[in-house]
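The exercises below ask you to read a protein model from its overall layout down to single residues. Try each task with the structure open before you turn to its solution.

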Amino acid sequence: MTTTTTTAGAGVRDLGKRFGEVRALGGVTLDFPAGRVTALMGENGAGKSTLLKILTGDHQPSEGTVLLDGAELVLGSPARARAAGIRIIPQEPEIIPHVSVAENVYAGALPRTAGRRLDRAELRRRITADLDRLGFSRVLDPDLLGSQLTPAQRQLVEILRALTGEARVIAFDEPTSSLSEHEVDALFTLIRRLRDQGVAVVYVSHRMQEIFQLADRIAVLRDGMLAGVLDAAEAGEQELVRLMVGRDLSQLFVRQNVATDRVVLQVEDLTTDEVRGVNLVVRAGEVVGLAGLIGAGRSELALALAGDLPVRGGTVRLDGRGLRPGRPGEAIRAGLGLAPEERKAQALFLRRSIRDNTSLVVLDRLRRWRFVRRGAERELAQGFADRLRVRASGIEQEVRTLSGGNQQKVVLARWLARKPKVLILDEPTRGIDVGAKAEIYQIIADLAREGVALLVISSELPELLGLADRVVVMQNGRITGELDRAEASEERILALAMADDLSGVGGRGADGGPNGHGGRTGPGGPEGHGDPGREKEPRDEGGRP
Ligand SMILES: Nc1ncnc2c1ncn2[C@@H]1O[C@H](COP(=O)(O)OP(=O)(O)OP(=O)(O)O)[C@@H](O)[C@H]1O
Ligand SMILES: [Mg+2]
């Protein structure tokens with residue numbers, strides 16, 4: 001038994017992890033003190049999730065040790081780590097679809113009656129108490145089935161799970177990526193409370209602002225090694241970016257003026273279950289930003305345009321030609337591309353390579369006679385992998401084994417490579433590190449210069465303001481206004497995003513903006529039943545060195 005540290009909390013010593021050829025971690029020595037929030041930052045593929053999975057017994061280290069209160073700990077399995085009080089809220093929540101929230105939370109330790117049957121009364125008592133204690137009773141109905149949960153609710157279930165029993169170390173792996181503002185506030189309050197109770201909190205995120213709000217210490221991983229540990233109160237953003245990326249990022253956004261007058265995408269009165277009477281135009285070379293809060297209907301609009309959701313009425317024209325609704329193949333052939341938000345579920349072939357996944361929609365162009373030109377395909381995939389800094393052993397690596405952020409990059413690469421006439425990007429930089437973000441912004445600018453019409457959905461207001469020639473704002477399935485680059489500001493976007501809530505009787509906001517859609521079809525309206533959690537409130541990610 002080694003006692004290389006005397007502080008309470010967890011730690012790792014000379015930790016290393018290999019996956020075949022890939023060295024995910026090497027020689028990492030780091031403490032996670034009790035009563036502190038230690039942020040773990042680094043580029044996609046730097047090894048953050050791998051480190052957490054070693055702490056939680058999901059991965060066995062190739063070398064090195066894990067400590068708890070200075071004593072070496074052998075974590076042969078997740079059950080052992082759990083028994084030792086180490087918990088994780090994973091990057092991808094694991095939810096059992098056919099049982100209730102309450103059963104999901106206490107899975108493995110369900111209360112039983114004397115007759116060994118599920119004790120429903122006790123289950124109800126526990127879940128109610130836990131929801132109250134954590135301040136989540138209003139956002140999570142314990143009777144919902146796993147399959148009915150939004151991404152945000154799935155995350156809350158994981159949080160509840162982690163907090164049952166006595167936790168000593170709790171690790172959060174990008175917990176806010178699908179949470180709304182309220183939920184993020186509740187989560188932060190909770191994390192601070194845990195910290196004050198003496199829990200060692202490990203917090204992984206790509207959002208600078210969150211890190212500076214929450215963390216006491218910031219540890220940076222680069223290429224699987226510890227690049228440095230900063231005191232959060234003293235650290236500056238630039239310093240942090242340099243540690244993560246290994247270079248300075250001079251400029252994040254590209255300012256240009258290449259929008260033309262030629263309308264490429266024309267949407268008239270488009271109506272679906274969630275989208276009501278949307279009118280929208282995107283011109284060649286124009287970048288239109290689509291803003292809104294939770295359940296505003298932005299992703300639904302995107303899916304409807306791409307033919308992936310049933311349409312009730314209205315028309316979509318691309319270069320003047322009508323697109324028949326509900327036909328994704330036709331939309332793609334006509335030149336409309338959508339990089340959806342739920343990338344893993346909707347868009348990736350997890351058991352195929354980076355090369356396959358990148359070239360998927362461009363194969364027709366790479367084809368000569370009946371044969372795909374393999375050389376060209378490789379070149380294309382390699383080019384994007386390099387540019388977006390996809391961290392992998394090579395383009396033949398299975399997408400399943402990539403880090404979360406690197407998977408996102410592969411889906412994006414696919415659509416960026418295709419250069420459609422209209423490209424819709426739904427939260428293109430969620431979960432992506434700051435270095436690769438800068439590249440994505442550059443690629444968007446390049447596509448605009450080549451005449452692509454771009455519609456970018458983002459919950460990061462600085463991103464919309466930095467990218468868009470024009471910002472269109474939605475609430476409750478309707479467009480509530482639009483701002484051109486000169487007039488757009490965070491305050492004005494937010495005012496339009498909450499137009500209905502602010503307007504009251506005869507108030508401003510529902511006047512529809514320049515496009516003139518006053519078309520309110522009723523109060524309330526769909527709060528994005530499909531997936532309210534997935535559109536988080538705009539938050540400044542910072543990261544603008
Ligand atoms: N099961 C696996 N098989 C092979 N390689 C893996 C496996 N899991 C992770 N890796 C590799 O280990 C490296 C570190 O991945 P990890 O998921 O820890 O990154 P991360 O820092 O969490 O990134 P992100 O910010 O994108 O989530 C990556 O290069 C990844 O491809
Ligand atoms: Mg990760």
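## Conventions and overall layout

Of the 545 residues of the protein, 49% count as buried, where buried means 20 or more other C-beta atoms within 10 Å of the residue's own, exposed means 12 or fewer, partly exposed lies in between, and C-beta atoms are placed from the backbone. This is a predicted model, in which local features need pLDDT of at least 70 and side-chain atom pairs count only at pLDDT 80 or more, while totals for chains, interfaces and linings use all residues. Residues are numbered from 1 along each chain as its sequence is written, and chains are lettered from A and ligands numbered from 1 in the order in which they are written.

## Exercise 1: the open sheet

Task: determine in which order the 4 strands of the open sheet are arranged, and how H1 is placed against S1, S2 and S4.

Solution. Begin with the elements, which are DSSP runs numbered from the N terminus (H or I of at least four residues for helices, E of at least two for strands). The order is S2-S1-S4-S5 with antiparallel pairing, two strands being paired if DSSP finds at least two bridges between them. The edges are S2 and strand S5 (71-73), each of which pairs on one side only. From one strand to the next the twist averages 30 degrees. Within the sheet, strand S1 (residues 9-19) and strand S4 (residues 63-68) are joined by 5 bridges, and Ala10 has Leu68 as its bridge partner in S4. Finally, H1 lies across S1, S2 and S4 and runs at about 115 degrees to S1; the axes are lines fitted to C-alpha atoms, for helices over the stretch in contact, with angles from 0 to 180 degrees between N-to-C directions.

## Exercise 2: the shell around ligand 1

Task: state which residues are closest to ligand 1 and which elements supply at least two residues of its shell.

Solution. The ligand is surrounded by 19 residues, the closest being Phe19, Asn44, Ser49, Ser403 and Gly405; a residue is near a molecule if its C-beta atom, placed from the backbone, lies within 6 Å of it. At least two shell residues come from each of strand S2 (22-33), helix H1 (48-55) and helix H15 (404-418). Sorted by class, the shell has 6 nonpolar, 11 polar and 2 charged residues.

## Exercise 3: a hairpin

Task: describe how S21 and S22 are connected.

Solution. Strand S21 (residues 470-475) runs antiparallel to S22, and 6 bridges join them. The two form a hairpin with 2 residues between them, and Asn476 in the turn has a positive phi of about 50 degrees. In strand S22 (residues 478-484), 6 of the 7 residues are buried.

Technical notes: Nonpolar A, V, L, I, M, F, W, Y, C, P; charged D, E, K, R; others polar. Contact = placed C-beta atoms within 7 Å.
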